[in-house]
Amino acid sequence: MTTFTASGKHESKTRKSRRRRHIRVRKKVSGSAEMPRLVVTRSLNHMVAQIVDDSVGRTLVSASTMEADLRKSKDSKTELAREVGKLVAERAKKAGISKVVFDRAGNRYHGRVAAVADGARNAGLNL
């Protein structure tokens with residue numbers, strides 16, 4: 001079945017389902033100064049993790065597979081996602097953040113999304 005967005009662009013069933021899940025998750029998950037939100041953005045090739053304080057709308061810490069040191073790596077995408085989780089956790093600890101709420105952005109908690117969460121947990125971040 002073909003669906004279209006408000007701007008008239010074609011939207012696949014998978015993308016529509018992810019968008020609906022994301023809206024449902026964001027109703028329940030929000031970050032504060034005491035417990036900011038760890039947002040995971042997933043594309044076909046890259047992973048981005050950001051820690052956001054929703055009360056002021058500011059990104060506090062971020063990490064991505066698009067950074068120079070991770071781009072050079074020949075690891076699998078899942079291993080790179082785990083490294084992104086470790087990197088964002090290390091940067092969060094330097095910023096004084098120890099607890100976050102996890103926002104999977106409508107993606108299923110599986111594969112690379114779960115690898116980011118595992119990497120952050122292993123580096124000492126409480127999710």
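Predicted model: local features only at pLDDT ≥ 70, side-chain atom pairs only at ≥ 80, totals over all residues.

Colleague: How far apart in space are Arg108 and Arg21, C-alpha to C-alpha?

Modeller: In sequence the two residues are 87 residues apart. From C-alpha to C-alpha, the distance in space between Arg108 and Arg21 is 9.0 Å.

Colleague: What is the order of the elements from the N terminus on?

Modeller: The protein has four helices and six strands, and of its 127 residues 36% count as buried. Read from the N terminus on, the elements run β-β-α-β-β-β-α-α-β-α.

Colleague: In what order do the four strands of the open sheet stand?

Modeller: Two strands pair if DSSP finds at least two bridges between them. By that rule β3 (residues 37–42) and β4 pair in the antiparallel sense over six bridges, β4 and β5 (residues 58–64) likewise pair in the antiparallel sense over six bridges, and three bridges join β3 to β6, which run parallel. The pairing is therefore mixed by the bridge rule, and the order in the open sheet is β5-β4-β3-β6.

Colleague: Which strands are at the edge of that sheet?

Modeller: Neighbouring strands of this sheet are turned by 20° against each other on average, direction ignored, with axes as lines fitted to C-alpha atoms (for helices over the stretch in contact) and angles from 0 to 180 degrees between N-to-C directions. An edge strand pairs on one side only, and the two in question are β5 and β6 (101–103).

Colleague: Which residue takes a positive phi in the hairpin of β4 and β5?

Modeller: Strand β4 (residues 47–53) is mostly covered, with five of its seven residues buried. Towards β5, Val52 has Thr59 as its bridge partner, and Asp53 stands opposite Arg58. Four residues lie between the strands of this hairpin, and the residue that takes a positive phi near 70° is Gly57.

Colleague: With which residue does the side chain of Arg37 make a polar contact?

Modeller: Arg37 lies in strand β3, its bridge partner in β6 is Val101, and at 9% relative accessibility Arg37 counts as buried. A polar contact is a pair of N or O atoms within 3.5 Å; within protein, one must be able to donate a hydrogen and the other to accept it, and residues adjacent in sequence count only if both atoms are side-chain atoms. At 2.7 Å, the side chain of Arg37 makes such a contact with the side chain of Asp103.

Colleague: Which element gives the most to the lining of the largest pocket?

Modeller: A pocket is an open set of points on a 1 Å grid over the protein atoms alone where a 1.4 Å probe fits, with protein on both sides within 12 Å along at least five of seven lines, and lining residues have an atom within 4 Å of a point. The largest pocket has a volume of about 490 Å³, the space filled by probe spheres set on the points, which are joined across faces, edges and corners. Of its 17 lining residues, the closest to its centre are Thr14, Arg15, Arg18, Arg42 and Asn107. The elements that give two or more residues to this lining are α1 (13–28) and α4 (112–122), and the one that gives the most, with six residues, is α1.

Note on methods: Residues numbered from 1 in each chain as written. Heavy atoms only, no water. Buried < 20%, exposed > 50% of the residue type's maximum accessible area, 1.4 Å probe, protein only.
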